[in-house]
Structures are given as C-alpha cells and as structure tokens.
Amino acid sequence: QVQLVESGGGLVQAGGSLRLSCAASGRTFRTYTMGWFRQAPGKEREFVAAISWSGDSTDYLNSVKGRFTISRDNAKNTLYLQMNSLKSEDTAVYYCAADRRSYSKVAVTTTINYGYWGQGTKVTVSS
C-alpha cells in the first residue's frame, strides 16, 4: 500500500510556473505507474499526465503538452509536475495517483485504474 501527499500548489499569475510534488510512503513506490489528475470547480476529474515506473514512458493531456513535464525520483519516493506557461484554465485541484499495474497508454488516462490518491493541492492561475 502507498500513501500520497501533494504539495506545491498556490496562486500564480498567468504565464508563471509552479512545480507540484507528490511524496509517497512505502518501498514499492518505484514499481508503481503514477499519474496527475486535476478537478476544476463544477467539472469532472481529468487526466493531466502519467509516467511509468522507470520514467521511460509518459503521456499528457493535449492541452498541457509542451507546458507541463511529469517526472519522478524513485530514490526519493517523489513524483513531480513542472507546470510552465500557466493559463487560467489550469486552475484546479491537482491530485497525484498510483497504479500498481504496468504502464498502459489507455489505462493511465482513466481515474478508475488508480487505486491510491492523494488529498490534492490547489492551483489558482490569475489572468
């Protein structure tokens, strides 16, 4: 089992940057597929990015490609999301999630495939 704690959210002006972190407990973090999701007020939770256990495979929501970068440090049990050129539409609560199974480009985009979730960190982008 793994516990996840996000941090790094806050208020930023449009065009600015933030780096989110997700600290994971447990020795099995390095074997998990990891993802970032977000949920804006009144909207469903949506996929943002995912990364395989090795970091060799990544996928992104089309609207964040070229602006966001997902990465992980297995030695530190930490997942990251570097967010650049932020837009007002990026405003949401961001959640990290873990999946015990091997990386699948189809499965990583779906919330139901992740068994573990953090509590979320709020990102507000002012225009």
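The side chains of Arg-101 and Asp-99 meet in a salt bridge, 3.1 Å from N to O. A salt bridge here is a side-chain nitrogen of Lys or Arg within 4 Å of a carboxyl oxygen of Asp or Glu. Asp-99 counts as buried at 5% relative accessibility. Arg-101 is partly exposed at 46%. Buried means under 20% relative accessible area, exposed over 50%, and partly exposed in between, with a 1.4 Å probe and protein chains only.

This is a predicted model, in which local features need pLDDT of at least 70, side-chain atom pairs count only at pLDDT 80 or more, and totals for chains, interfaces and linings use all residues. Residues are numbered from 1 along each chain as its sequence is written, and side-chain values use heavy atoms, with hydrogens and water left out.

## Salt bridges

The structure holds five salt bridges. Three of them are tabulated here.

| Pair | N to O distance |
|---|---|
| Arg-38 and Glu-46 | 2.7 Å |
| Asp-59 and Lys-105 | 3.0 Å |
| Arg-101 and Asp-99 | 3.1 Å |

The side chains of Asp-59 and Lys-105 meet at 3.0 Å. Asp-59 lies in strand S6 (residues 58-60) and Lys-105 in the loop between S9 and strand S10 (116-117), so the pair ties together parts that are 46 residues apart in sequence. Asp-59 is buried at 17% relative accessibility. Lys-105 is exposed at 53%.

Arg-38 is buried at 5% relative accessibility.

## Overall fold

The chain has zero helices and eleven strands. Helices (H or I, at least four residues) and strands (E, at least two) are DSSP runs, numbered from the N terminus. Along its principal axes the C-alpha trace spans about 40 × 25 × 25 Å.

Buried residues make up 46% of the 127 residues. Of the contacts with a separation of 6 or more, 60% come from residues 24 or more positions apart. A contact means heavy atoms within 4.5 Å.

## The disulfide and its neighbour

There is one disulfide in the structure. It joins Cys-22 to Cys-96, S to S 2.0 Å. The cut-off for a disulfide is a pair of cysteine sulfur atoms within 2.5 Å. The torsion about the S-S bond is about 55 degrees, so the disulfide is right-handed. Cys-22 lies in strand S3 and Cys-96 in strand S9 (residues 92-99), so the pair ties together parts that are 74 residues apart in sequence. Cys-22 and Cys-96 are both buried.

Ala-23 also sits in strand S3, residues 18-24. Ala-23 is partly exposed, with a relative accessible area of 40%. Beyond its neighbours within four places in sequence, Ala-23 is in contact with Gln-3, Leu-4, Val-5, Asn-77 and Thr-78.

## Arg-72: a buried charge

Arg-72 is in strand S7, residues 68-73. Arg-72 is buried yet has no salt bridge. The nearest side chain of opposite charge, Asp-73, is 8.4 Å away. For charge, Lys and Arg count as positive and Asp and Glu as negative; His and the chain ends are not counted.

What does the Arg-72 side chain meet in a polar contact? The side chain of Asn-74, at 2.8 Å. A polar atom of the Arg-72 side chain also lies 2.9 Å from the backbone oxygen of Phe-29. A polar contact is a pair of N or O atoms within 3.5 Å; within protein, one must be able to donate a hydrogen and the other to accept it, and residues adjacent in sequence count only if both atoms are side-chain atoms. Not counting residues up to four places away in sequence, Arg-72 touches, among others, Tyr-32, Met-34, Ile-51, Trp-53 and Tyr-80.

Arg-30 is in the loop between S3 and strand S4 (33-39). Arg-30 is partly exposed at 43% relative accessibility. Beyond neighbours within four places in sequence, Arg-30 is in contact with Trp-53, Arg-72 and Asn-74.

## Positive phi

Asn-77 has phi near 55 degrees, a positive value in a residue other than glycine. Asn-77 lies in the loop between S7 and strand S8 (78-83), and is buried at 17% relative accessibility. Ser-85, likewise not a glycine, has a positive phi of about 50 degrees. Ser-85 is in the loop between S8 and S9, and is partly exposed at 40%.
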